[in-house]
Amino acid sequence: MNRADRGASGEWPFAAVLAASVAVLVVFMGLSVANFVSVSQVHASASVEATSSVGYLGLASDGTLPNNGTARAWVNVTVLNPGPKALVFDTVIYKLWIEDLPHEAGFAVPRTDVPVPNANGTGVRWLFTAYSGSNTSSAVVVPAFGKGTVPLRLDLREQIDLRAFVAVQNITGFAVSKGASATAVPWELFILTSLWIDGVPQPTSPTAPIYQIAVGRLVLQQGTDFEH
Amino acid sequence: MNIDWSAQFRRVLRILRISLVPALALGYTAFYSIYPSATFPVSSDASFGWILLVLFAASIAGGIQAEYLQEALVAGVAALPLGFALAVLLAFTPGLAGLYLLEPSAVPFFIAHFAILVLVLSFPVNLLGAVIGQLIRDRFRASRAPNRLSR
């Protein structure tokens with residue numbers, strides 16, 4: 001009879017320690033996996049839907065944009081969150097390009113445009129960056145299994161950005177001269193937004209690897225950044 | 001030379017049973033150390049004290065199970081690859097739900113890279129815990145022996 005067989009009747013305390021240890025560790029792992037999967041779900045399923053429209057305030061009687069007018073863009077950045085954790089908007093980076101119709105018509109223009117291949121690949125569109133900036137103050141919450149929207153109202157006036165305003169004024173004026181309205185000029189929108197996942201704290205250690213920051217931070221994009 | 005395969009098999013099973021708790025602890029702590037903000041307990045940074053506590057307690061609980069010190073030490077070493085495999089499996093769990101955050105083939109290397117401290121730490125902790133577990137077991141047995149004789 002070996003020592004193991006001899007002690008079989010007195011083994012129950014050790015078996016109890018084994019069972020309790022396994023149970024505790026399995027619970028810890030179960031909670032870890034549940035939390036990890038819910039964070040992964042947010043990363044995998046959240047999406048952004050941004051819309052924009054541009055209007056002109058104070059148009060002249062002939063439909064052109066006067067020097068005291070305003071080009072106003074409304075951008076709604078909506079994040080859809082089918083995941084089980086809430087999100088909080090951190091930063092919304094936006095860029096709005098106006099299609100430079102005079103440039104495309106062959107006129108020399110005193111501004112720097114971005115060449116973008118046509119959808120059918122046969123030609124080039126020229127785009128001018130009219131709006132470019134970021135918003136970090138919204139702190140809008142996107143609830144779990146819900147959606148949240150950051151509404152942005154962006155004004156472009158002569159006093160705010162002379163270079164961009166003059167370009168928009170020139171481009172919309174060209175459209176009006178061709179019989180179209182100022183609002184008919186096409187725009188392109190690019191959105192890059194970051195959100196914090198609620199309940200996922202950021203690392204405080206200065207030596208924390210980058211991926212640990214990325215775990216609690218969600219970056220979503222819509223459109224193409226033509227300047228990169 | 002005759003080898004009693006049945007006895008060898010039972011011995012391997014017993015070692016696996018003993019290494020179960022340290023392996024679970026290593027898998028859990030390695031996973032926790034990589035994703036402290038998305039596991040349990042949720043924290044901004046991995047707590048070294050918590051990792052050490054879990055590894056040490058589990059290694060003692062494992063060491064208590066062994067009949068002999070040699071068996072406890074072998075189980076402590078066997079817990080390392082088992083725990084690593086478990087940590088990899090935990091990192092794959094979003095994949096089981098159809099979510100892939102990492103290229104599946106990269107996961108083992110990712111775990112090995114970022115949990116290296118826990119993996120290395122668990123080796124001496126498991127051996128020390130095995131020794132302490134054996135001491136506790138022997139003391140417990142010694143305390144029960146007079147009771148048996150008195151019956």
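Visitor: Which residue stands opposite A:Thr91 in β8(A)?

Guide: Strands are DSSP runs of E of at least two residues, helices are runs of H or I of at least four, and both are numbered from the N terminus. A:Thr91 stands opposite A:Ser194 in β8(A). This is a predicted model, in which local features need pLDDT of at least 70 and side-chain atom pairs count only at pLDDT 80 or more, while totals for chains, interfaces and linings use all residues. Residues are numbered from 1 along each chain as its sequence is written, and chains are lettered from A and ligands numbered from 1 in the order in which they are written.

Visitor: How many bridges pair β3(A) with strand β8 of chain A?

Guide: Two strands pair if DSSP finds at least two bridges between them. Here β3(A) and β8 (residues 187-197) are paired by eleven bridges, in the antiparallel sense. Strand β5 (residues 124-135) of chain A is also antiparallel to β3(A), with eight bridges, and there A:Glu99 stands opposite A:Leu127. Two bridges join β3 (residues 87-99) of chain A to β6 (residues 141-142) of chain A, again antiparallel; A:Leu87 stands opposite A:Val142 in β6(A).

Visitor: How should I picture the side chains of a strand?

Guide: In a regular strand the side chains alternate between the two faces of the sheet.

Visitor: How many helices and strands has chain A?

Guide: Chain A has five helices and nine strands. From the N terminus, their order is α-α-β-β-β-α-β-β-β-β-α-β-α-β. The radius of gyration of chain A is 28 Å, well over the 17 Å of the globule rule for 228 residues, so the chain is more spread out than a compact globule. That radius is taken over C-alpha atoms, and the rule is 2.2 Å times the number of residues to the power 0.38. Along the principal axes, the C-alpha atoms of chain A fill a box of roughly 105 × 35 × 30 Å.

Visitor: Into which domains is chain A divided?

Guide: Domain bounds come from an automatic or database domain assignment. Chain A is divided into domain 1 (1-45) and domain 2 (47-222), and their centres, taken over C-alpha atoms, are separated by 52 Å. Six residues from domain 1 of chain A and ten from domain 2 of chain A take part in their contact, where contact requires C-beta atoms, placed from the backbone, within 7 Å.

Visitor: How many residues does each chain give to the contact between chain A and chain B?

Guide: Chain A gives 35 residues and chain B gives 30. On the chain A side, α2(A) gives the most, with 20 residues.

Visitor: Which residues have the most contacts inside the largest nonpolar core?

Guide: A nonpolar core is a set of buried Ala, Val, Leu, Ile, Met, Phe, Trp, Tyr and Cys residues joined through C-beta atoms within 7 Å. A residue is buried if 20 or more other C-beta atoms, placed from the backbone, lie within 10 Å of its own. The largest core has 91 residues, and those with the most contacts inside it are A:Ala130, A:Val168 and B:Ala87. Its largest share, 13 residues, comes from helix α1 (residues 5-34) of chain B. Both domain 1 (1-45) and domain 2 (47-222) of chain A give residues to this core, so it lies between them.

Visitor: Which residues does A:Val168 touch?

Guide: Leaving out residues up to four places away in sequence, A:Val168 touches A:Leu65, A:Ala71, A:Ile98, A:Ala130 and A:Leu156.

Definitions and conventions:
Contact = placed C-beta atoms within 7 Å. Buried ≥ 20, exposed ≤ 12 C-beta atoms within 10 Å, placed from the backbone.
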